[in-house]
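Hi,

Here is the structure I promised to pass on. Have a look at it first, and then read my notes on the salt bridges below.

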Amino acid sequence: MTTAVDQQTNAYFDDTYLTEATATVIAAGTGEDGAWAAVSPNIFHPKGGGQPSDEGTLDGAAVVPARDDAGLVVLTGVPSAPEVGAAVVCRIDAGLRRRHAALHTAGHLLGHLGEARGWQHSGHSHFPGQARLDFDPAGHEDELATPELREAVRAEFQAQMDAVLARGGAVTASVDATGHRTVAIEGVNAEPCGGTHVRSLSDLAGVRILEVKVKRGAIKVRYEAEHAEGAPAAGGAA
């Protein structure tokens, strides 16, 4: 039996810069949060993987995307459940999407740089204003023992980040036969990820390592990043 999950194509997997689309309602109903709908193709990224959800509208009504227990991305906030099979217009906040993508890609770079130091990645957040990578501090107490040492590590991270960005590289995504998605940054690494990313490191701007500290049993490296001016054309983006 074909389910709504089987019918849904998540277009944000293939094109970060697709921010408007006509879609078909593949499921709808009413629940504790009011009326909801699921559409395909779906351009809305739900909260997950350290990345916030997109913000946007369905036929002009503000909606909130979320992934249900079955893995279906559903949109809540619609005034009433639309008819299954109906054509609807979906739009997302393009500026917010680009910022989320920039922060997520910069987070992958920072994770790679931390692991290159021998640090073990233990957590992350790519939320605007709260972006950070967490690492296990075990065995690294001496190199982070004082404010001066932590500042030296922060400066090293910044220099390494600047070098990676100056070198540049494409950011691509692929999905294997089992449905697992991998995001690859040219010359850096490849790792499983379901988030949105810029198409190239040249799309990143203002990447700054803000602070390195040890708190609540973790090394926390705070950072910020923006998308470079100008939106790439739709198609071919990670």
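What follows is a short tour of the charged pairs.

A quick word on the basis: this is a predicted model, where local features need pLDDT of at least 70 and side-chain atom pairs count only at pLDDT 80 or more, while totals for chains, interfaces and linings use all residues. Residues are numbered from 1 along each chain as its sequence is written, and side-chain values use heavy atoms, with hydrogens and water left out.

I counted a salt bridge whenever a side-chain nitrogen of Lys or Arg is within 4 Å of a carboxyl oxygen of Asp or Glu. That gives 12 salt bridges.

Start with Arg 97 and Asp 54, whose closest N and O atoms are 2.5 Å apart. This pair links distant parts of the chain, 43 residues apart: Arg 97 is in helix H2 (residues 94-116) and Asp 54 in the loop between strands E2 (34-40) and E3 (56-58). (Helices, H or I, are DSSP runs of at least four residues and strands, E, of at least two, numbered from the N terminus.) Arg 97 is buried at 0% relative accessibility, and Asp 54 is buried too, at 3%. Buried means under 20% relative accessible area, exposed over 50%, and partly exposed in between, with a 1.4 Å probe and protein chains only.

Next, Glu 156 and Arg 117 form a salt bridge at 2.6 Å, N to O. Glu 156 sits in helix H3 (residues 147-167) and Arg 117 in the loop between H2 and strand E7 (120-125), so the pair ties together parts 39 residues apart in sequence. Glu 156 is partly exposed at 36%, as is Arg 117 at 24%.

Cheers
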